[in-house]
Amino acid sequence: MTSKQPKILPRGPVKYPIEEGPSISARKRIGTACNECRLVRRKCDGLRPSCSSCVQYSRSCQYGLDRRNRDSLRDTINKLEDMNRCLKDTNQQLRSELYSMGFGEAVPSSYSITQPTEATANLLFDTDYGKIPSESFAHKAAAAFFSGVAPLFYIIMPDDYNRLIHRIYQEKLNIERCEICELCAIAAVGCRYNSAQVPDEYVEIFWQQALLLVYDVIGEADVRALRILLCLGIYLILDKSISARAMIVSGINLARWCMPDRDSHGRSKLEWDGLFQTLATIECWLSFALGFEHSLTKEDTQYITECNDSKENIGLLETVNDATVATIYSQMWRSSFMAGELYKQIRSTPGLSWNKFEYISSGLDKWRQELPASLQLQFLTSYDSGPPSKQKQRLLLVHMIYLERRILLLHHFLQKHTESKLLQMSTSTRQTYTAFAHQLTGIISVIYREKWPSMRSWLVIHASFHCSITMLSIICQCHITGEDINKVRDTWTDIESCMEVLSYCSMVDSAAARLAHIVRSSSASLDWITDQPQATPIPQQEPMRIGAILNDELPDRRYLVETTKDIVHRMALDISSGS
């Protein structure tokens, strides 16, 4: 028989008497030791700004990053690394372009700009980053810049540039490299529009100084960097350099990287919007003029279109006191983008017929048809009405660019299909392009007669050349087919007007001189050929006429056909090939 065992309960806590004595404090933990103590493995008390050990040994006490701050800075470091990777390609591309301009593999830090003469040196202003022309020349360049470039593209507001001039030449305190680079880039472009008052030596100094500092600027990836790359690209266009497009594309890539938040409404965003639209407009113009597809993405074009529709950029132009300016910037973008898109269709369509070409090219007329009545060419050229003179100049330049693009579409088509397409041009199509060329000549003549600031610009030179070549090809076609011979005299008159402008521009522009020589030689050859007797009868039916000419059945038309081939080939010779 088993007996029950008593349950064993847990014993309660035992209380021991605590002896009184000195209290022992907890050891103080030092979060971060200073760099000196860590290097020599010495105990550090972590006092700020200098620990006790560094004070005792008279050492410079510095602390590295706190462990708690490292995690918080990790995102910033990652963003900077992404920026470096993004800018690396842009920097390398710019270095390649500078190499192609003769600066060697890289621009050394010790590189100096062209040494000025003794007389010029007395008029230079000394900055911490090199000597630049004096303030008076900066103001002359500014006046030419805002009368020659600003009417069509947004780059900088006049008040902002005047403040930049005052800060550099008058305040002279804490001037940054990017400020010098910005002033020189804008002044270099302005000087190209005022070569009569600014010596070429000063233009070169402005340009070279901007190139020397551009590497420091693109690392900032801000609005100022966009403005500088844009100005450098425009200068290269004025200089007829094939490097211009690479500079513009670099600006577009940088703009995509430093794109502000779409929901922001500050001045910086408005400036970014304006500069990005200008870069995109010039990219479309270059791609269309030179014959390649633009590099803009669907997101780029959609964003610019939304900005124009919302009229956000008008707020930036309030100080101009001219509402037409925002309209001109918007219309320049629309017509440039439409032309670029139409060129894509012409380039990508195999076996393009005249009917298909006329259908595609008529899409550019949509721009003109959607213009308000107050912006139509007929209203602008009327003597009894129209906007003030300054606004009229800007709007006529926009129409000049539209007409030149309309003609250039024909050039792209003929270059792709050679002289056979020119011989198949219908009478109505020939009359249409004759009217376009006549209207374009009228605008160019007004610019020349009134001596506008933009008279010697790349836009006017480009338009004068392509207008002349188009009319020469039309004269060829009239003599080959025997149609509209009585209207050729008026066409020759228009060619002489364009030649007068090219000859005037050739006094200060080597590319204009080269293009004037091309038009002059082609005109002389065509004039001699058309003076020869043409005894062979021409078939009245168009298919028989074209076949007879192409099969060399009309010997006395042989020189006309060869001249036609030569003129179509010369349509590809634009300003860019003058570099």
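Predicted model: local features only at pLDDT ≥ 70, side-chain atom pairs only at ≥ 80, totals over all residues.
Residues are numbered from 1 along each chain as its sequence is written, and side-chain values use heavy atoms, without hydrogens and water.

**Exercise 1.** Decide whether V501 is buried or exposed, and find what V501 touches.

*Solution.* Start with the place: V501 is in helix α20, residues 488-505. Helices are DSSP runs (H or I, at least four residues), numbered from the N terminus. Next, take the relative accessible area of V501, 2%. Buried means under 20%, exposed over 50%, partly exposed in between (1.4 Å probe, protein chains only). So V501 is buried. Now list the contacts (heavy atoms within 4.5 Å). Leaving out residues up to four places away in sequence, V501 touches I444, Y448, V460 and S464. Last, check S445: its C-alpha atom is 7.8 Å from that of V501, though the two are 56 residues apart along the chain.

**Exercise 2.** Work out how helices α5 and α6 are oriented to each other.

*Solution.* Take α5 (residues 135-148) and α6 (residues 158-171): they pack at an angle of about 170°, with axes 11 Å apart. Axes are lines fitted to C-alpha atoms over the stretch in contact, and angles run from 0 to 180 degrees between N-to-C directions. Angles under 35 degrees count as roughly parallel, over 145 as roughly antiparallel, 65 to 115 as roughly perpendicular and the rest as oblique. Therefore α5 and α6 are roughly antiparallel.

**Exercise 3.** Find which residues of α5 make the contact with α6.

*Solution.* Helix α5 gives E135, A138, H139, A142 and F146. Among their partners in α6 are P158, Y161 and I165.

Notes. Helix = DSSP H or I, 4+ residues; strand = E, 2+ residues; numbered from the N terminus.
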